[in-house]
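Here are my notes, written to be read with the model open beside them. They go through the sheet, then the helices, then the charged pairs.

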Amino acid sequence: VGARSPISVKLVLRRLIEALKEERYLDHLILVDAVSSSLPRIEVNSDDLEEIFFNLIVNAAQAIGAGGQLIIEGSSQENPMPCVSIVFRDNGHGIPDDALPHLFEPFCTGRVEKGGSGMGLYIVKELVKRNGGQIRVRSRRLLGTTFTVTFPAVPTSGPLPPVPNPSHP
C-alpha cells in the first residue's frame with residue numbers, strides 16, 4: 001500500500017485527462033473539466049486517486065454515445081468536517097435500477113459482450129475506502145449517471161497557492 005500525501009485533485013485530473021486524450025479514449029465525447037485549482041488538497045495515495053479517476057472516466061466514456069458529455073466538478077465543504085467532493089456526471093443511457101444495488105460488487109458488469117470484467121467499480125470502491133473516502137452513485141435511465149467521490153480535506157492554515165497551469169504562462 002503506497003503512502004498517502006497531500007495532493008491536488010486538479011493536478012492529478014489534468015495529467016490523467018491529457019494521457020486519456022493521447023490514447024484517444026475521449027475522442028467521441030465532450031469532456032468538461034470544471035474542477036477548480038483552488039480546491040483544498042486531499043491526503044491520498046496519488047496512484048490510487050489516478051486509478052479511481054481513470055476507471056470513472058473510462059466507464060463514463062464507454063457508456064456515452066458519440067457527442068455525449070461528461071462533466072467533472074469539484075467542491076469543498078467545512079461542515080461537519082472539511083472534505084472535498086469530485087463529481088463525475090454523464091448524460092449516457094444510465095444504469096438499470098435493478099443493477100444499482102450490485103454496482104460495486106466484484107464481477108458486476110453490464111458490458112460482458114464488450115469485454116467488461118466487472119472489476120472496475122469494485123476496485124474503485126476499495127481504493128476510495130482505503131484512502132478514507134466515500135463513493136455514491138445516482139442514475140436515471142436514459143438521463144445519465146453521477147458518481148460522487150468524497151475525501152477528507154487536508155487542514156490548512158490559510159489559502160493554498162494556486163496549482164500552476166502549464167498551458168498558461
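**Notes on the fold**

1. Let's start with strand 7, which is mostly covered: 8 of its 9 residues are buried. Buried here means under 20% relative accessible area, exposed means over 50%, and partly exposed is in between, with a 1.4 Å probe and protein chains only. Helices (H or I, at least four residues) and strands (E, at least two) are DSSP runs, numbered from the N terminus.

2. Before going further, a word on what we're looking at. This is a predicted model, where local features need pLDDT of at least 70, side-chain atom pairs count only at pLDDT 80 or more, and totals for chains, interfaces and linings use all residues. Residues are numbered from 1 along each chain as its sequence is written, and side-chain values use heavy atoms, leaving out hydrogens and water.

3. Two strands count as paired if DSSP finds at least two bridges between them.

4. What does strand 7 pair with, and in which sense? Strand 5 pairs with strand 7 in the antiparallel sense, over 7 bridges. Strand 6 is also joined to strand 7 (residues 144–152) by 7 bridges, and these two run antiparallel.

5. With 10% relative accessibility, leucine 29 counts as buried. Leaving aside residues up to four places away in sequence, leucine 29 touches Ala61, Ile64, Gly68 and Leu70, where contact means heavy atoms within 4.5 Å. Leucine 29 and glycine 67 are 38 residues apart in sequence, yet 4.8 Å apart in space, C-alpha to C-alpha.

6. Axes are lines fitted to C-alpha atoms, for helices over the stretch in contact, and angles run from 0 to 180 degrees between N-to-C directions.

7. Where do helix 2 and helix 3 meet? The axes of helix 2 (residues 46–63) and helix 3 (residues 120–130) come within 9 Å and cross at roughly 145°. On the helix 2 side the contact residues are Asp48, Glu51, Ile52, Asn55, Leu56 and Asn59, and on the helix 3 side Gly120, Leu121, Ile123, Val124, Leu127, Val128 and Arg130. Sorted by class, this contact has 7 nonpolar, 3 polar and 3 charged residues. For that count, Ala, Val, Leu, Ile, Met, Phe, Trp, Tyr, Cys and Pro are nonpolar, Asp, Glu, Lys and Arg are charged, and the others, Gly among them, are polar.

8. How many salt bridges are there? The structure holds 5, a salt bridge being a side-chain nitrogen of Lys or Arg within 4 Å of a carboxyl oxygen of Asp or Glu. One of them joins arginine 89 to glutamate 73, with the closest N and O atoms 3.0 Å apart. Arginine 89 sits in strand 5 (residues 83–90) and glutamate 73 in strand 4 (residues 68–77), so the pair ties together parts 16 residues apart in sequence. Arginine 89 is partly exposed at 32%, as is glutamate 73 at 29%.

9. Glutamate 126 forms a salt bridge with lysine 129, closest N and O atoms 3.6 Å apart; both lie in helix 3, 3 residues apart, about one turn of the helix. Aspartate 27 forms a salt bridge with arginine 24 at 2.9 Å between the closest N and O atoms. Aspartate 27 is partly exposed at 47% relative accessible area, whereas arginine 24 is exposed at 61%.
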